[in-house]
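Please look over the sequence and the model below before reading on. The points that follow take up a few local features in turn.

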Amino acid sequence: MGCRDRGYVVQAGSWGPWGATACWSLGLDAESRLVAGLTTVLLFFLLITQASQAHQKPSSEVVGAVHGVAYLSPSLQSKIPYHEVHWRRNNTLKLAGRDGSGEVWYRNNSYRGRLELFSNNTLKISHLQKNDSSVYQLYMEDETGKGLIESVLLTVYELVPKPTVNAKVIRSDPEQCEATLECSVRLEAVTYEWISHSKFQWNRISASELHVFLNSSPDTYTCKVSNPVSSNNASLIYRHPCSWTGESSGAASCTTTSALVALALHLLLLTVA
């Protein structure tokens, strides 16, 4: 009697000198459970692999400024000439590449007219936008089909505008001035730093607000706001008893314009005379 006659579904080949046949009875329900279990295990390992790749630290990081230029360069120093290369964004969106003949191609998408692929596989992105921030992958494949993947993290920042500074006087008397200095810009991911230009000290305090107690000595406090691509600053000038004056570019511009008008009128009067 064969395995099928016994209701078995799996049969092994003959073994031993007697030519015995080994059979295992699983049944339809057991087979279904086995297949489902194997499928679950495979999916589990696949998810782990994808999660590991998603959280893998990029091999390099690049920063750029809005409207500026960024160069995404591979760090691998391989002597093997790669047959084909191409750049992707987030492992999905193809941007640019070079085929086996050496011809460079660019995809028609939001990066149109802003990409340039160099012979060393560096990708140049011009006219940067804030939403260009992402992880980019360089796929390199040799003639045997073996390849390497390298990722680069690009973060695009806006240029820091001139901060707004203000002094809130808490207490003012002939002996001491108590005030809170405030500094702000309408931009995220920046650091604040207060710098005192006192004759007796050079203090740097990392905060957007600064609480001060001052005497009769005049002083200047400068707030510097920075991000990885730029910085800007504004100052407050203190005078006794508790007077604060901020920078005013408009006033300086107005003074310059008035001086030019006065000079023109003076020259006109000399000409008439």
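Is W244 buried or exposed? At 16% relative accessibility, W244 counts as buried, where buried means under 20% relative accessible area, exposed over 50% and partly exposed in between, with a 1.4 Å probe and protein chains only.

1. Basis of the note. This is a predicted model, in which local features need pLDDT of at least 70 and side-chain atom pairs count only at pLDDT 80 or more, while totals for chains, interfaces and linings use all residues. Residues are numbered from 1 along each chain as its sequence is written, and side-chain values use heavy atoms, with hydrogens and water left out.

2. The C177 disulfide. The structure holds two disulfides, a disulfide being a pair of cysteine sulfur atoms within 2.5 Å. One of them joins C177 to C242, with an S to S distance of 1.8 Å, and because the torsion about the S-S bond is about 40°, this disulfide is right-handed. The pair links distant parts of the chain, 65 residues apart, with C177 in strand β13 (residues 177-184) and C242 in the loop between β18 (230-239) and β19 (243-246); strands (E, at least two residues) and helices (H or I, at least four) are DSSP runs numbered from the N terminus. Both C177 and C242 are buried.

3. The C183 disulfide. C183 is joined to C223 at an S to S distance of 2.0 Å, and the torsion about their S-S bond is about -85°, so the disulfide is left-handed. C183 lies in strand β13 and C223 in strand β17 (residues 219-227), so the pair ties together parts that are 40 residues apart in sequence. C183 is buried at 5% relative accessibility, and C223 is buried with a relative accessible area of 0%.

4. Aromatic rings. A search of the whole structure finds four aromatic pairs, counted for rings of Phe, Tyr and Trp (its six-membered ring) with centres within 6.5 Å, and called stacked if the planes are under 30 degrees apart, edge-to-face if over 60 and tilted for the rest. The rings of Y221 and W244 have centres 6.2 Å apart and planes at 50°, so this pair is tilted. Ring pairs also link Y221, Y238 and W244 into a cluster, and Y221 counts as buried at 6% relative accessibility.

5. Surroundings of A65. A65 lies in strand β3 (residues 60-65) and is buried, with a relative accessible area of 18%. A65 and Y157 are 92 residues apart in sequence, yet 4.9 Å apart in space, C-alpha to C-alpha.
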